[in-house]
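Please take me through this model in a viewer, one selection at a time, and say what is to be found at each stop.

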Amino acid sequence: METEKLEKALEIMRERFGHDTLIALATVEKNRPAVRAVNSYYETDSFYVITHGKSNKMRQIEGNPYVSICGDWFTANGVGENLGHPLDRKNREIMETLRKAFSAWYTNGHVNEKDSNTCILRIRLTDGLLLSHGTRYQIDFTSILEAHNHNLNIHYTAPKYVWKKLEQLYMEMPGWNGELGEGQLWFGGLDGKRISVSVEPGGLQFFAKMPKQEWIDWFSLFKRRASEILGCEVGEPEDGFEFIAF
């Protein structure tokens, strides 16, 4: 889809679904489909639902994560994912948004955050068809580029051996462009996808422009590998990870 048309489609998506809205969610179990209406919130390439981990839909998604949705002249396919409990540290940012979006009912007894099985269902869209005023928008959600900016708890005063180990990791990460120097770079092709990193007072700072899920997977891999080679837990200071004392 042309960039201008894609931007228009995403604008319509935000207007229609960027708030508490009902959608039909279809799952499959033993070749038998099941569908139900769920309260949801849309953002970029995903719908988010607050639900219970022991519900039929979550059991079905655990067995087969491929789902379909439908709502307000929009149909799509996607992948269901249990993001864990609303109070999990990793979910802090999205929960700030969801509590506002679902404020009409979130605290009236509909959601029990004390229940360990309460969870966030993320429906990561892969492809969809949006209709608006006679125009058909066939959307490939896997191609949407987003900007991401994250710091890690590796201080600029870390000793040289730390940076040597990180340089080796840089070159082993997917998309490495083959050059070491100021501001390491991954990808950087004509498709606009890129990742760069620099050493800042606030920590090791990454900037990326790429599809959200691809970035999450790449950054999670980097944090896991960095933790292994440095022998300590690498994470984001905003998530409570203190700077590492080497």
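**The whole chain.** Begin with everything displayed, bearing in mind that this is a predicted model. The C-alpha atoms fill a box of roughly 55 × 45 × 35 Å along the principal axes, and the secondary structure comes to 6 helices and 11 strands. Of the 246 residues, 43% count as buried. Among contacts between residues at least 6 apart in sequence, 62% join residues at least 24 apart.

**The largest nonpolar core.** Select Met-13, Phe-47, Ile-69, Phe-74, Ile-123, Leu-125 and Phe-141, which touch the most other members of the 27-residue core to which they belong. Helix 1, spanning residues 3-17, gives the most to this core, with 6 residues. Now centre the view on Phe-74, whose contacts, not counting residues up to four places away in sequence, are Met-13, Phe-17, Phe-47, Ile-69, Leu-125, Gly-128, Leu-129, Leu-130 and Phe-141.

**Helices 5 and 6.** Next show residues 160-172 as helix 5 together with residues 212-230 as helix 6; the two pack at an angle of about 140 degrees, with their axes 10 Å apart. Helix 5 is therefore oblique to helix 6, and the crossing is right-handed. To see the contact itself, display Val-162, Lys-165, Leu-166, Leu-169, Tyr-170 and Glu-172 from helix 5, and Phe-222, Arg-225, Ala-226, Ile-229 and Leu-230 from helix 6. Coloured by class, the contact of helix 5 with helix 6 has 8 nonpolar and 3 charged residues, with no polar ones.

**Lys-212.** Staying with helix 6, select Lys-212. Is this lysine buried or exposed? Lys-212 counts as buried, because its relative accessibility is 16%, which falls under the 20% cut-off. Leaving aside neighbours within four places in sequence, Lys-212 is in contact with Glu-43, Asp-45, Tyr-48, Arg-122, Ile-144, Glu-146 and His-148.

**Thr-21.** Move to strand 1, residues 21-29, and pick out Thr-21. With a relative accessibility of 14%, Thr-21 counts as buried. Beyond residues up to four places away in sequence, Thr-21 touches Arg-16, Val-38, Asn-39 and Ser-40.

**Gly-192.** Now go to the loop between strand 9 (184-187) and strand 10 (194-200), where Gly-192 lies. Gly-192 counts as partly exposed, at 31% relative accessibility. Its contacts, leaving aside neighbours within four places in sequence, are with Leu-145 and Lys-209. A distance drawn from Gly-192 to Leu-145 gives 8.0 Å between their C-alpha atoms, although they are 47 residues apart along the chain.

**Two loop residues with positive phi.** Most residues other than glycine have a negative phi, and the last two stops depart from that pattern. Asn-31, which is not a glycine, has a positive phi of about 65 degrees. Look for Asn-31 in the loop between strand 1 and strand 2 (32-43), where Asn-31 is exposed, with a relative accessible area of 78%. For Trp-73 the phi is also positive, near 60 degrees. Trp-73 is found in the loop between strand 4 (66-70) and strand 5 (74-82), and at 62% relative accessibility Trp-73 counts as exposed.

Definitions and conventions: Residues numbered from 1 in each chain as written. Predicted model: local features only at pLDDT ≥ 70, side-chain atom pairs only at ≥ 80, totals over all residues. Heavy atoms only, no water. Axes fitted to C-alpha atoms, helices over the stretch in contact; angles between N-to-C directions. Helix = DSSP H or I, 4+ residues; strand = E, 2+ residues; numbered from the N terminus. Parallel < 35°, antiparallel > 145°, perpendicular 65-115°, else oblique. Left-handed = near helix turned anticlockwise from the far one by under 90°. Contact = heavy atoms within 4.5 Å. Nonpolar A, V, L, I, M, F, W, Y, C, P; charged D, E, K, R; others polar. Core = buried A, V, L, I, M, F, W, Y, C linked by side-chain atoms within 4.5 Å. Buried < 20%, exposed > 50% of the residue type's maximum accessible area, 1.4 Å probe, protein only.
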